[in-house]
Amino acid sequence: MVRRISRELIESNPPEGFMAATGEIASTAVAHLHHDRERRSESHKSADRPISTPGASSDDATVAAPVDSNNEPVLVKHTEPFENGYHFPPKYSAKESTKHGLLAFWKFFITPMGFFWTIYGLNIVAWGGMLFLLLLNAGPAMCAPTCDDIDSPRRVWIEWDSQILTALFCVTAFGLAPWRFRDLYYNLRYRCMGDQAALRRLAGIHRSWFRLKGSQDLPVDVGPDNIPEHVPRECLAVPENKTPDAPRTGMRAPATAVWKMDFVIWCMVLNTFAQCGLCGIMWGQNRYDRASWTTGFLVAIACIIAMVGGLVMFLEGKKVKSIEGVPCTERDLEKLAQDKEQGILHYNNLKAKKPKKTKVKDVEADAPKEKSSARVQQ
């Protein structure tokens, strides 16, 4: 029994926090809203241009294909599917995006963990907002005899509010501690003992954003369900069924710098340590003896390091998704097929937006300078 539980802990991923889950839902809705605004802006700019494909409406005038110096439609070039036929999910209107976001949130909310994290998040927002208003002296009636008097209702409520928030922060700092220190153990084994298997285990745990060195050269069909014998094992996760899925686009993301794994792990561990210090200050001292700056310092440090570590994971995960692709739902595939029949094109990238133009003129302008400098050296 003990061995089975320990093995499950070693191979499991930490529970997804409410910020990560709701962030995924919100980012989907916001991204679709942003795409819709860009589509409307693009349609206004190209209203006077000829439509390249018959049957497209004026609202979808982005199908008007400008041409480059080689008379090749630039828009069509960036909207064609990949060689294997994959296409990133299309963009939706504001109404559809809002509907999809609400449905995604409801599916998350009715799950046990979704309900828990929603209630948890609402408590953080409510008590955090109340503390913010108290610090701004938003309730003058609570300042008796003065706002800064230690026994005033304002100072008493600030103390109660801070104690509740400290307890709420313990849920993530201590609840996720077993997984955080497990990752630290593997990280130290790799850094101090050169254990490559430990790094491969971390790659399996963080498969959504971390890629091992050499994995970019693996065949595109290699995944957890298809691992040939001749594939180098140092490029695969441990256990091998945690190896990242085969890329949907047919292209693999480059290897991730290992220092980013170090950084993320230490950020999360330090967040737990900072919470330990905060609990010691808040629960080990009363409000008459406690220095006010210690509470603010530890809260700021705990929040900042956790946010920075989460930001690294988000950016690296976004980079991987932009190269290897994301899943397409049946609704996405139906919309792509219907819009294609109507001549409506969608940019084939993660953001579903027009790629930035390369500065060809700047490159051409630098060429004569390089030639002239070469002559001077001769």
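Which residue does a disulfide join to C143? Hi everyone, let's find out together.

A quick word on the model: it is predicted, so local features need pLDDT of at least 70 and side-chain atom pairs count only at pLDDT 80 or more, while totals for chains, interfaces and linings use all residues. Residues are numbered from 1 along each chain as its sequence is written, and side-chain values use heavy atoms, leaving out hydrogens and water.

Back to our cysteines. The partner of C143 is C147, with an S to S distance of 2.1 Å. A disulfide here is a pair of cysteine sulfur atoms within 2.5 Å, and by that rule the count is 1. The torsion about the S-S bond of C143 and C147 is about 95 degrees, so this disulfide is right-handed.

How covered are these residues? We call a residue buried under 20% relative accessible area, exposed over 50%, and partly exposed in between, using a 1.4 Å probe and protein chains only. C143 is buried at 15%, and C147 is partly exposed at 23%.

Now, C170 is in no disulfide: its nearest cysteine sulfur, in C279, is 3.2 Å away. C170 is also buried, at 11%. For C276, the closest cysteine sulfur is again that of C279, but at 6.7 Å, which is too far for a bond. C276 is partly exposed, with 39% relative accessibility.

Last stop, the helix called α4, residues 94-109. Helices are DSSP runs (H or I, at least four residues), and strands are runs of E, at least two, numbered from the N terminus. K95 lies in helix α4, and K95 is exposed, at 73% relative accessibility.
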